[in-house]
Amino acid sequence: MNPLTRINPAELAPPTGFSHAVAATGGRLVFLAGQTALDGDGKVVGATLPEQFETALANLFTALRAAGGAPSSLARVTVYATDVAAYRAHTTELGEIWRRLAGREYPAMAVIGAARLWDEQAMVEIDGIAVLD
């Protein structure tokens, strides 16, 4: 039984790639640190925003799986992008990456513009909160 219920009120604009609200019942909270496109050696990989997004998301899911969760366990995700205009320009491709790696159950999400991330070469960082059974 999934402890998460996704809520999308009809009075709000239809969500695309996110849920307006996610309610959690019971379960164990897992707070996921921000992940960038670091490889196993700690080097940023990917020359484009979509490439870095895919690696950062895969890294987030690696941490989540190690904690016993799955992409559907995510209640909240925050994406930090160094170029929000580029992020918006690639939303179709980013959505395809999300659906391929995570499916169609979307967490509550926010995208926040950041002047710079910890790793200077990083274009995107993703963190999250998950609720496990």
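**View 1. Three aromatic pairs occur in this predicted model.** Rings of Phe, Tyr and Trp (its six-membered ring) pair if their centres lie within 6.5 Å. Phe61 sits in helix H1 and Trp98 in helix H3, 37 residues apart, so the pair links distant parts of the chain.

**View 2. Helix H1 packs with helix H3.** H1 spans residues 49–66, and H3 spans residues 91–102. Helices (H or I, at least four residues) and strands (E, at least two) are DSSP runs, numbered from the N terminus. The H1 and H3 axes lie 10 Å apart, at an angle of about 25°. Axes are lines fitted to C-alpha atoms, for helices over the stretch in contact; angles run from 0 to 180 degrees between N-to-C directions. H1 and H3 are therefore roughly parallel (under 35 degrees; over 145 is roughly antiparallel, 65 to 115 roughly perpendicular, the rest oblique).

**View 3. Residues of H1 and H3 meet in a contact.** Contact means heavy atoms within 4.5 Å. H1 contributes residues including Phe53, Leu57 and Phe61. Among those from H3 are Leu94, Ile97 and Trp98.

**View 4. Four strands form an open sheet.** The order is E3-E6-E4-E5, and the pairing is mixed. Two strands pair if DSSP finds at least two bridges between them. The edge strands, E3 (28–35) and E5 (108–113), each pair on one side only. From one strand to the next, the twist averages 10°.

**View 5. E4 and E6 run antiparallel.** Seven bridges join E4 (residues 74–81) to E6 (residues 124–132). Thr78 stands opposite Asp127 in E6. H1 lies across E3, E4 and E6, at about 30° to E6.

**Notes.** Residues are numbered from 1 along each chain as its sequence is written, and side-chain values use heavy atoms, without hydrogens and water. In this predicted model, local features need pLDDT of at least 70 and side-chain atom pairs 80 or more, while totals for chains, interfaces and linings use all residues.

Notes. Rings of Phe, Tyr and Trp (its six-membered ring) pair if their centres lie within 6.5 Å; planes under 30 degrees apart count as stacked, over 60 as edge-to-face and the rest as tilted.
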